[in-house]
2 protein chains.
Amino acid sequence: MSTPIRIGIAGYGNLGRGVEAAIAHNDDLELVGVFTRREPASVQTLRPETPVFAHDDLAARTADIDVLILCGGSKNDLPEQSPELAALFNIVDSFDTHARIPAHFAAVDAPARAAGKTALISSGWDPGMFSINRVYGEALLPDGDTYTFWGRGLSQGHSDAVRRVPGVAGGVQYTIPNEQAIAAVRSGSRPTLSTREKHTRDCFVVLAEGADAAAVREAIVTMPDYFADYDTTVTFISADELAQDHAAMPHGGFVIRSGNTGEGNSQVIEYSLTLESNPEFTASVLVASARAVHRLNQRGQVGAHTVFDVAPGLFSPKSAAELRAELL
Amino acid sequence: MSTPIRIGIAGYGNLGRGVEAAIAHNDDLELVGVFTRREPASVQTLRPETPVFAHDDLAARTADIDVLILCGGSKNDLPEQSPELAALFNIVDSFDTHARIPAHFAAVDAPARAAGKTALISSGWDPGMFSINRVYGEALLPDGDTYTFWGRGLSQGHSDAVRRVPGVAGGVQYTIPNEQAIAAVRSGSRPTLSTREKHTRDCFVVLAEGADAAAVREAIVTMPDYFADYDTTVTFISADELAQDHAAMPHGGFVIRSGNTGEGNSQVIEYSLTLESNPEFTASVLVASARAVHRLNQRGQVGAHTVFDVAPGLFSPKSAAELRAELL
């Protein structure tokens, strides 16, 4: 094994913790430390030996870090941090606001290119592994339809939306894929499915003191964009139940490409994830992505990239010859 | 759309026919013709407008073909044809003798590199899409196990083995994945499975006149490598039943990576194919591979490649910007 690839973590929430844990599973990677905007001494890391530095120290550490993994949020952190840090480091981020990806790509590409750095944006599982499977599916079966289902899983965005409803003291939302819809898609019949037919939404809500349950339920199920187009159930629970039964972050889903070849033979490709920890899996993808980014940069491939631009073998610690002999 | 990519087909069996059909689904590809070692006039193509040429004419057609798709067999055709034709054309093949892949790669790499040509060997679904998923799975979940199941599907190699048994006038073999084994793998329990526990084999056999059924059955189920390590059932049928019920070529299977992250959270990745036509799906992969090979060659990436070396986006007719906007 050659010199380890030196990784930095920028931002230390669930995703940053997942990256810290994932690096420990990869012998060819070495964690330089966590960089946080909080007071470093206040941050308790998973592994006591992980150094914690101030975010503002990053600019002085460019020589010590081969790839920086950005673990901030897509709403406020990454739109600012990714372009800024791509001018200093090879970076990986998990920017997941699908509609804003082209703009984010452009914003990262220019500074990275100017600095001779390589960036991989929007890695993770969706965007990320699911996107890869949408591309392969469409390319292999041009006469076909692609279906993405999510869940069963805890949706951070929808949970946040529930918690913003007046009268809600706490809560979570699970996205549930419709089993009948999945079965129809798997059959190769290429059904047309409405939003309502694909997923249902289950909310578990703790009421604030004195809140009106019926009004809260109504405010949730009629919320535009988030719930109005779905069949949504709202179950009221206690704060203790919320803490005890809903602290885990499972997620997953399915990308199915159903198409026809030749005289109409049905061909179905399915990719699915069943994740006990959504942030830990996303983190695992980011860590393998950091390896790929390091290699791309060593080959002189600078600027912004997405998972579509990265050959599968670059994610693996094994050499191309090892992969051919062992996994082809 | 720019000038179409001009594709040649070398070899015209089930796979070549599948390639001919698949090209018709891709507007950016154009079929130059089929090249056969049979008498061209004797070959009836799927589409009446498809030109048929003699295999020996290939060397004179290097200026007319951007990528040649080799549709011969891995046993006798490709070991000879791929190195020879990689010196003249960009090529794609579906060489599937796993143990011989490193040697085949080396044999193709040298002439392709010397001639400035690009070759993609061992494309298809296994090797091919399944291999890609083995690489991603291992890279994303280093603490994990990979399981490949095949079927339910008609196995050409095992059907051939059945037909070589004295007393057999005809027959087919289906590989059946064990549902209990798949369920155990999907659960995340990471079981250790024997060969016998993973698959069973079902043979449908037409006896030659006067053949001894018991002896034929015994010869099949005890055949080393092919059947001895499996629970095999042999059902005797008539030649009519064979023709009527067993002419289709379904196949498929599953690649499952089951691993753990963080404090032991279970994460399961599954890729599965349900194919009504095995050769048509393999052909669809080869056709998308031809597009990728053309692009690699245009970028100056010459020599032998495998699917591990090719970025997913290169298989798609869409530009990188389109893919980012539409599928990421």
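## Values against definitions

Modeller: About 720 Å² is buried between domain 1 of chain A and domain 2 of chain A, and carbon and sulfur atoms give 71% of that area. Buried here means the accessible area (1.4 Å probe) lost by two parts on being put together, summed over both. Of what domain 1 of chain A buries against domain 2 of chain A, 63% is supplied by A:Trp125, A:Asp126 and A:Phe281, more than by any other three residues. The model is predicted, so local features need pLDDT of at least 70 and side-chain atom pairs pLDDT 80 or more, whereas totals for chains, interfaces and linings use all residues. Residues are numbered from 1 along each chain, chains are lettered from A and ligands numbered from 1 in written order, and side-chain values use heavy atoms, without hydrogens or water.

Colleague: What does the domain assignment of chain A give?

Modeller: Domain 1 comprises 5-126 + 279-327, and domain 2 comprises 134-276, with bounds from an automatic or database assignment. Their centres, taken over C-alpha atoms, are separated by 28 Å. Domain 1 of chain A brings 8 residues to the contact and domain 2 of chain A brings 10 residues, contact being heavy atoms within 4.5 Å.

Colleague: Why are α4(A) and α4(B) called roughly antiparallel?

Modeller: Helix α4 (residues 129-140) of chain A and α4(B) have axes that come within 13 Å and cross at roughly 175 degrees. Angles over 145 degrees count as roughly antiparallel and those under 35 as roughly parallel, and therefore these two helices are roughly antiparallel to each other. A:Met129, A:Ile132, A:Tyr136 and A:Leu140 of α4(A) make the contact with B:Met129, B:Ile132, B:Tyr136 and B:Leu140 of α4(B). By class, that contact divides into 8 nonpolar, no polar and no charged residues, where Met, Ile, Tyr and Leu are among those counted as nonpolar.

Colleague: What makes α2(A) roughly parallel to α3(A)?

Modeller: The axes of helix α2 (residues 78-86) and helix α3 (residues 101-115) of chain A come within 7 Å and cross at roughly 20 degrees, and so α2(A) and α3(A) are roughly parallel to each other. On α2(A), the contact residues are A:Leu78, A:Pro79, A:Ser82, A:Pro83 and A:Ala86, and on α3(A) they are A:His104, A:Ala107, A:Val108, A:Pro111, A:Ala112 and A:Ala115. These make 9 nonpolar, 2 polar and no charged residues.

Colleague: Within what distance do the axes of helix α2 and helix α3 of chain B come, and at what angle do they cross?

Modeller: In chain B, the axes of helix α2 (residues 78-86) and helix α3 (residues 101-115) come within 7 Å and cross at roughly 20 degrees, which means that α2(B) is roughly parallel to α3(B). The contact involves residues including B:Leu78 and B:Pro83 of α2(B) and B:His104 and B:Val108 of α3(B), and it divides into 9 nonpolar, 2 polar and no charged residues.

How values were computed
Axes are lines fitted to C-alpha atoms, for helices over the stretch in contact, and angles run from 0 to 180 degrees between N-to-C directions. Helices (H or I, at least four residues) and strands (E, at least two) are DSSP runs, numbered from the N terminus. Angles under 35 degrees count as roughly parallel, over 145 as roughly antiparallel, 65 to 115 as roughly perpendicular and the rest as oblique.
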